[in-house]
Amino acid sequence: MDVLEDEEYTGHVEPTAEEPDKKVMIISCSGDLERMWATLIIATTAAAMGMQTSIFFTFWGFFPLVKNDVRITGENWMQKTLSFLNRPGTEHLKLSKMNFAGAGPAMMRKIARDHKVALPTELLETARDMGVRLLPCQMSMDLLGLKREDLIDGVEDPVGATSMLLEAQGATTLFI
Amino acid sequence: MDVLEDEEYTGHVEPTAEEPDKKVMIISCSGDLERMWATLIIATTAAAMGMQTSIFFTFWGFFPLVKNDVRITGENWMQKTLSFLNRPGTEHLKLSKMNFAGAGPAMMRKIARDHKVALPTELLETARDMGVRLLPCQMSMDLLGLKREDLIDGVEDPVGATSMLLEAQGATTLFI
Amino acid sequence: MDVLEDEEYTGHVEPTAEEPDKKVMIISCSGDLERMWATLIIATTAAAMGMQTSIFFTFWGFFPLVKNDVRITGENWMQKTLSFLNRPGTEHLKLSKMNFAGAGPAMMRKIARDHKVALPTELLETARDMGVRLLPCQMSMDLLGLKREDLIDGVEDPVGATSMLLEAQGATTLFI
C-alpha cells in the first residue's frame with residue numbers, strides 16, 4: 001500500500017518498554033469520507049509500525065461499521081429515517097465539503113485510485129486484518145437501533161465510554 | 001445514568017501514581033449537538049472513573065456555557081448578529097448533519113430519551129456537579145463580547161491557551 | 001501578541017526531562033477558518049512556552065500551506081476543479097458555519113482586529129518564525145497535484161503518516 005510508504009520509515013518498528021506511546025487509540029466520531037480516510041490511514045500505519053491500535057466508532061463515525069448492503073435499519077420510524085438519510089457503509093461516505101450529490105467523493109476516489117492510495121472499504125478490511133481493534137460504541141448502536149448482525153465481520157463486542165477511556169491510557173489518542 | 005454503564009466497568013477506579021493518564025482534558029471547539037454530547041459523555045465518564053477532568057470551551061464550542069435565556073449578547077452589531085444567528089445555550093445546539101430546521105436534533109433527543117441517554121443540558125450540570133472543571137476560553141469571550149454574568153453557574157475564571165496546554169500535561173487530550 | 005497573554009503565564013517555561021509532555025503535535029485536517037485559527041494559536045502558544053511543536057497539514061487542512069497567489073493547481077481537470085472550488089491559502093479560509101459568501105469570516109476578522117487577536121496568515125508566519133515545524137502530508141500533495149514551489153516558504157519536506165506518528169510519541173497530540 002502506497003499510503004504506508006514513507007521515506008523515513010524503513011522497517012518494522014519494535015516498541016520497547018521505555019517508549020511511552022506504543023499505543024494508538026482513535027475515536028471516530030465523524031462519518032465524513034476524508035476523516036474516515038484519515039482514521040484508517042493512521043490506524044493501518046500505526047499497526048504496521050507494531051503499535052497496539054484500536055478505533056472506537058461512535059455517532060456518525062459508526063456508520064462505516066455497518067454492512068454496505070444494510071439499508072433500512074432501526075426499530076421505529078425515527079431510527080429508520082435517520083439511517084435512510086445517512087446511508088450507512090463505507091461505500092456511501094460523503095465529503096464534509098463539496099459533496100455535489102456524490103460527484104466530489106467520486107472525484108476524490110478516482111484521484112486516489114490514479115495515485116494508488118487505498119480506498120476506505122479496502123483500508124477498513126486491511127485494518128481489521130492487521131489486528132486493529134474495531135470497537136463499536138454501545139450507545140450509538142442503541143440510538144440507531146442497530147444489531148450485531150448489521151455490522152461487518154471482525155468487529156468486537158460493543159463497549160461504552162469507560163472501556164474507551166481505559167484503552168486510551170498511555171496511548172496517542174485522536175478524536176477524529 | 002445509563003451512559004456511564006459499561007460491562008467492563010465495575011466500580012470506582014482509583015488512579016495510582018504509576019498510571020500515566022489519570023487526567024482527561026477536552027478542548028470543545030465545535031458547537032454541534034453530537035460533539036457536545038460526546039464531550040460531556042466522555043467527561044462525566046472520566047470523572048466517574050476518578051480521573052481529573054476538565055473541558056476548555058472555545059469558538060463555537062463556547063456557546064453551551066452561555067445561559068439558555070441569554071439571547072442577544074455582544075457590544076456591537078457584529079457580535080450581536082453572530083450570536084443571534086448561532087443562538088447560544090445547550091438547548092439550541094444543532095446537529096452538524098441533517099438539521100432540518102431542528103427536526104433532526106428533536107428526533108435524536110427523542111430517541112435518546114426513549115433509550116434513557118442523558119441530554120446535553122442535564123449532562124453539563126452533571127459534569128459540573130461531578131467536579132469536571134469548566135474552563136471558558138478568554139479570547140472567545142472577548143470575540144463574542146460575552147461577560148461572566150452571561151455564563152452558567154459553576155464555570156471557572158476564563159483562561160488562555162497557555163493554561164489549557166499546562167492542563168493538558170500528562171492528560172489524555174481530545175480536541176472535539 | 002494578545003493571544004499569548006494569560007493571567008497564569010508569567011514567562012518562558014523551561015521544560016524539564018521529568019515533564020512527560022514537552023511536545024505538542026497537531027494534525028490539521030480541516031480547512032475551516034476557526035479550526036486553523038485554533039491550530040495556530042495553540043501551536044504558537046506551545047512554542048512560546050518552550051515546547052517542541054509541529055503541525056502536520058493534511059486533507060482540507062493542507063490548503064493554508066499553499067501560497068495565497070496560487071490559484072489553479074493540479075495536473076488534470078479533476079485536481080484543478082477541486083482546488084478551484086476550495087481556493088487555497090490562509091486568506092481564503094472559510095468558517096464551517098455561517099459563511100454567507102465571505103461575510104462571516106470578514107466579521108470574525110474585523111472583530112479579531114478590533115480585539116487585537118492575530119489573524120491566521122500572520123499567525124502562520126509567526127509559528128514558522130518561532131520554530132514550529134510545518135510538515136506537509138505527502139499523500140495530500142499527491143492527491144491535490146501540488147508541488148513544493150506551490151507551498152509557502154519555511155515548510156519542511158513532505159512526510160507520511162509514519163513520520164507523523166513518530167513525531168506524536170510523548171507529545172500532547174491534537175487532531176483538529
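Me: Where along chain B does Phe59(B) sit?

Reply: Phe59(B) is in the loop between strand S2 (52–57) and helix H2 (77–85) of chain B. Helices (H or I, at least four residues) and strands (E, at least two) are DSSP runs, numbered from the N terminus. Bear in mind that this is a predicted model, where local features need pLDDT of at least 70, side-chain atom pairs count only at pLDDT 80 or more, and totals for chains, interfaces and linings use all residues. Residues are numbered from 1 along each chain as its sequence is written, chains are lettered from A and ligands numbered from 1 in the order in which they are written, and side-chain values use heavy atoms, with hydrogens and water left out.

Me: What's the phi of Phe59(B)?

Reply: Near 50 degrees, which is a positive value in a residue other than glycine. Most residues other than glycine have a negative phi.

Me: Is Phe59(B) buried or exposed?

Reply: Phe59(B) is buried, at a relative accessible area of 7%. Buried here means under 20% relative accessible area, exposed means over 50%, and partly exposed is in between (1.4 Å probe, protein chains only).

Me: And what about phi for Phe59(C)?

Reply: Positive again, near 45 degrees. Phe59(C) is in the loop between strand S2 (52–57) and helix H2 (77–85) of chain C, and with 7% relative accessibility it counts as buried.

Me: Switching to chain A. How many helices and strands does chain A have?

Reply: Six helices and four strands. Going along the sequence, the pattern is β-α-β-α-α-α-β-α-α-β.

Me: How much of chain A is buried?

Reply: Buried residues are 62% of the 176 residues in chain A. The chain exposes about 6,700 Å², with carbon and sulfur atoms supplying 51% of that; those areas come from the Shrake-Rupley method with a 1.4 Å probe, and for residues only the protein chains shown count as cover.

Me: What share of the chain A contacts join residues at least 24 apart?

Reply: 72%, taken among contacts between residues at least 6 apart in sequence. A contact means heavy atoms within 4.5 Å.

Me: OK, Lys23(A). Which strand does Lys23(A) lie in?

Reply: Strand S1 of chain A, residues 23–28. Lys23(A) is buried but has no salt bridge, and the nearest side chain of opposite charge, Glu167(A), is 4.8 Å away. For charges, Lys and Arg count as positive and Asp and Glu as negative, while His and the chain ends are not counted. A salt bridge needs a side-chain nitrogen of Lys or Arg within 4 Å of a carboxyl oxygen of Asp or Glu.

Me: So what does the side chain of Lys23(A) reach?

Reply: The backbone oxygen of Glu167(A), at 2.9 Å. The backbone oxygen of Gln169(A) also lies 3.0 Å from a polar atom of the Lys23(A) side chain. Residues that Lys23(A) touches, leaving out those up to four places away in sequence, include Gln52(A), Leu166(A) and Thr172(A).

Me: How many salt bridges over all chains?

Reply: Twelve by this rule. One of them joins the side chains of Arg148(A) and Asp157(A), at 2.6 Å from N to O. Arg148(A) is partly exposed at 37% relative accessible area, whereas Asp157(A) is exposed at 54%.

Me: Which residue does Arg133(B) pair with?

Reply: Glu156(B), with the closest N and O atoms 2.9 Å apart. That pair links distant parts of the chain, 23 residues apart: Arg133(B) is in strand S3 (residues 133–136) and Glu156(B) is in the loop between helix H5 (138–144) and helix H6 (161–168) of chain B. Arg133(B) is partly exposed at 31%, and so is Glu156(B), at 28%.

Me: Which residue meets Arg133(C) in a salt bridge?

Reply: Glu167(C), at 3.0 Å from N to O. Glu167(C) lies in helix H6 (residues 161–167) and Arg133(C) in strand S3 (residues 133–136) of chain C, so the bridge ties together parts 34 residues apart in sequence. Glu167(C) is buried at 13% relative accessibility, while Arg133(C) is partly exposed at 31%. Over in chain A, salt bridges with shared partners join Arg133(A), Glu156(A) and Glu167(A) into one network.

Me: Last topic. How many disulfides over all chains?

Reply: Zero, from a search of the whole structure; a disulfide would be a pair of cysteine sulfur atoms within 2.5 Å.

Conventions
Polar contact = N/O pair within 3.5 Å; in protein donor to acceptor, adjacent residues only side chain to side chain.
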